[in-house]
Amino acid sequence: MSPKWQSGRPLPRWHRASALTVAVGVGAAVSFGRLLLATSCGGFCDALAPLRAPAACRRCSGASPTAAATPTAAAAVGRHAFGDRGLAYFDVYEKGQFLELLNRARDSGEERSMGDEEKIQRQISFLELQPLVERPAESPRLVGTWQLAFGGVGRALQIEPAKALLKDKAYAGARVESVTLEILDAVSSRTTISLAKPDGNVEIIAQESAFKTNSKADILDEAAGFRRYLKLKYLDEDLLVLQGRGPAEVYQRV
């Protein structure tokens with residue numbers, strides 16, 4: 001017969017060890033959560049302002065919760081890295097710093113480092129927490145020319161339409177040099193992809209399409225061209241974040 005544990009009797013050693021493990025794990029999670037709230041600001045404050053007092057963030061003490069939650073508040077991201085010594089650092093990026101990070105590889109002519117790509121990806125997650133303008137697919141702010149700055153960690157500029165082109169034998173070995181999205185008006189767009197071929201020539205492929213949206217006006221559904229179905233995740237005067245079948249894509253206005 002299996003033993004019956006009655007009130008007042010000590011727990012067996014394995015049971016005490018399991019309980020201690022659970023307690024330590026919960027304590028560590030709570031401590032990390034408190035550290036996260038106390039040392040980060042910007043994007044964390046914007047996203048969490050409705051859930052906590054502004055004084056909870058040491059860097060933003062004195063800011064009102066309303067001001068922290070507005071779309072005009074500086075977008076930021078806290079990034080943590082774990083190494084041999086545990087929690088190593090927090091980096092906070094204001095919008096200007098984030099734009100500089102996006103442009104660093106382009107301006108230097110060097111390939112973007114994996115560390116920078118991870119920082120950008122983390123920033124995207126917090127941009128998506130910001131309140132989106134109402135009916136963004138119909139917003140005048142969307143109209144204009146946007147250049148792809150980030151297509152995902154480890155993907156360079158190889159978004160889905162570009163990847164489809166690279167499967168063509170005519171573009172074997174080519175490299176995606178640039179991707180430009182033009183929102184011509186409230187119902188049409190043009191996507192232009194520049195491919196640098198191994199022979200040194202650059203081929204430009206442009207496709208136009210009318211698009212429709214959904215009842216919330218947060219979808220761009222292309223009827224022709226590359227026939228993409230894109231959800232608008234973030235939009236301001238300088239940045240546009242779209243989500244298709246692959247990772248989120250960051251565009252800058254040009």
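**Close-up 1. The polar contact between the side chains of Asp236 and Lys95.** In this predicted model, the side chain of Asp236 makes a polar contact with the side chain of Lys95 at 3.0 Å, a polar contact being a pair of N or O atoms within 3.5 Å, where within protein one must be able to donate a hydrogen and the other to accept it, and where residues adjacent in sequence count only if both atoms are side-chain atoms. A polar atom of the Asp236 side chain also lies 2.6 Å from the backbone nitrogen of Leu239. Residues are numbered from 1 along each chain as its sequence is written, and side-chain values use heavy atoms, with hydrogens and water left out. Because the model is predicted, local features need pLDDT of at least 70 and side-chain atom pairs count only at pLDDT 80 or more, whereas totals for chains, interfaces and linings use all residues.

Close-up 2. Asp236 lies in the loop between β8 (229-235) and β9 (239-243), strands being DSSP runs (E, at least two residues) numbered from the N terminus. Asp236 is buried, with a relative accessible area of 9%, where buried means under 20% (1.4 Å probe, protein chains only). Leaving aside residues up to four places away in sequence, Asp236 touches Lys95, Arg141, Trp146 and Arg253, with contact meaning heavy atoms within 4.5 Å.

**Close-up 3. Strand β4 and the strands that pair with it.** Seven of the nine residues of β4 (residues 175-183) are buried, so this strand is largely enclosed by the rest of the structure. Strand β3 (residues 144-150) pairs with β4 in the antiparallel sense over four bridges, pairing requiring at least two DSSP bridges. Eight bridges join β4 to the antiparallel strand β5 (residues 188-196), and a hairpin of four residues connects β4 to β5.

Methods. Buried means under 20% relative accessible area, exposed over 50%, partly exposed in between (1.4 Å probe, protein chains only).
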